[in-house]
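Reader: I am new to this structure. Please show me how to read it.

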Amino acid sequence: MIDPNDPVPLHIQVRYSIEKKIKKGIFKEKIPSERELMETYNVSRSTVREAISQLVIDGLLEKKHGKGTFIAEQPPHYWQGNLISTTEMIERMGEKPSTQLVAHGVVEVPEALRELIDWKQAYLIKRVRFASEVPLAVETQYYPVAIGLALAEMDIKQGTLYDLLENELDIRLFGADETITSRRIIREDAVLLQLAEDSHTLHLERLVYDDMGEIVEYYLADYHPDKYAFHFKSERSRK
């Protein structure tokens with residue numbers, strides 16, 4: 001329920017609530033009208049509109065003039081600033097996702113990362129992600145120890161970690177900073193992706209923040225260069 005005393009802005013609280021109801025199947029083809037949402041959440045029209053606008057930008061909703069706001073039947077297959085899980089990404093590709101857990105546990109944070117995330121220790125989860133049984137990516141994720149230990153009590157072999165964070169641990173993910181480069185893959189990961197040792201991958205680094213601005217995850221992934229491409233859609237700003 002929406003809490004006016006919560007430091008999280010009301011439109012963000014409404015946005016998260018609508019998104020959860022869509023994922024749980026409570027809202028199916030379309031969402032309620034603005035008036036109904038205003039009454040449900042006891043907020044202003046501008047708050048509802050701001051929440052809906054963000055979900056439209058995220059590709060989860062689409063507005064149809066004169067008909068209402070509908071749940072997008074075919075979410076976009078390009079990255080446009082959406083923070084989505086690898087499982088969701090693979091499903092959007094029309095493939096079946098699966099996972100192999102490689103390692104997990106408390107580790108010392110490498111010196112090179114300490115200035116970035118300011119943790120001495122972290123909980124590491126390393127997994128191989130498959131699209132229809134073909135290795136697509138090797139993911140290495142660092143979490144604050146307390147969060148990692150809580151995740152380890154759940155299904156980290158097959159579960160979608162972002163869903164576990166939000167739905168089981170009640171951590172509200174807000175956004176991320178991402179960098180994509182090309183990098184020569186290390187030997188052990190080359191074996192996992194069935195690549196030659198001198199191969200280069202599409203390398204993604206991501207810092208994920210909660211709605212209070214705290215770092216929740218430091219994410220590293222190496223994508224098989226022949227099986228995936230990052231696709232962006234941009235528009236030229238109008239002066």
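The dialogue below takes up confidence, the sheet and the helix contacts in turn.

Reader: What should I know before I start?

Author: This is a predicted model, in which local features need pLDDT of at least 70 and side-chain atom pairs count only at pLDDT 80 or more, while totals for chains, interfaces and linings use all residues. Residues are numbered from 1 along each chain as its sequence is written, and side-chain values use heavy atoms, with hydrogens and water left out.

Reader: What is the mean pLDDT of the protein chain?

Author: pLDDT is the predictor's confidence in each residue, from 0 to 100. The protein chain has a mean of 86, and 91% of its residues reach 70 or more. Helices (H or I, at least four residues) and strands (E, at least two) are DSSP runs, numbered from the N terminus. Confidence in the protein chain is highest in H6, at 96, and lowest in helix H4 (residues 86-92), at a mean of 79.

Reader: Where does pLDDT stay under 50?

Author: Where pLDDT is low, the predicted coordinates should not be read in detail. Here that applies to residues 75-80, where pLDDT stays under 50. The model has 21 contacts beyond four places in sequence for residues 75-80; contact means heavy atoms within 4.5 Å.

Reader: In what order do the strands of the sheet lie?

Author: Strands of a sheet pair through backbone hydrogen bonds, either parallel or antiparallel. Two strands count as paired if DSSP finds at least two bridges between them. In this model, six strands form an open sheet in the order E3-E4-E5-E8-E7-E6, with antiparallel pairing. Strand E3 (97-108) and E6 are the edge strands, each pairing on one side only. From one strand to the next, the twist averages 15 degrees.

Reader: How many bridges join E6 to E7?

Author: Strand E6 (residues 173-184) and strand E7 (residues 200-210) are joined by eleven bridges, and Ile180 stands opposite Leu204 in E7. Eight bridges link E7 to strand E8 (residues 215-223), with Tyr209 opposite Ile215 in E8. The hairpin of E7 and E8 has four residues between the strands, and Gly213 takes a positive phi near 85 degrees there. Strand E5 (residues 134-143) joins E8 through six bridges, and Val138 stands opposite Asp222 in E8.

Reader: Which helix packs on the sheet?

Author: Helix H6 (residues 145-152) does, touching E3, strand E4 (121-131), E5 and E8. The direction of H6 makes about 45 degrees with that of E4.

Reader: At what angle do H1 and H2 pack?

Author: Axes are lines fitted to C-alpha atoms, for helices over the stretch in contact, and angles run from 0 to 180 degrees between N-to-C directions. H1 and helix H2 (residues 34-41) pack at about 110 degrees, with their axes 12 Å apart. That makes H1 roughly perpendicular to H2; angles under 35 degrees count as roughly parallel, over 145 as roughly antiparallel, 65 to 115 as roughly perpendicular and the rest as oblique. Val14, Ser17, Ile18 and Lys21 in H1 meet Leu37, Thr40 and Tyr41 in H2.

Reader: How far apart are the axes of H1 and H3?

Author: The axes of H1 and helix H3 (residues 45-57) are 8 Å apart, at an angle of about 55 degrees. That makes H1 oblique to H3. Residues of H1 in this contact include Leu10, His11 and Arg15, and those of H3 include Thr47, Glu50 and Leu55.

Reader: Which residues join H1 to H7?

Author: Tyr16, Lys20 and Lys23 in H1 meet Asp163, Glu166 and Asn167 in H7. The axes of helix H1 (residues 10-23) and helix H7 (residues 161-168) come within 13 Å and cross at roughly 120 degrees.
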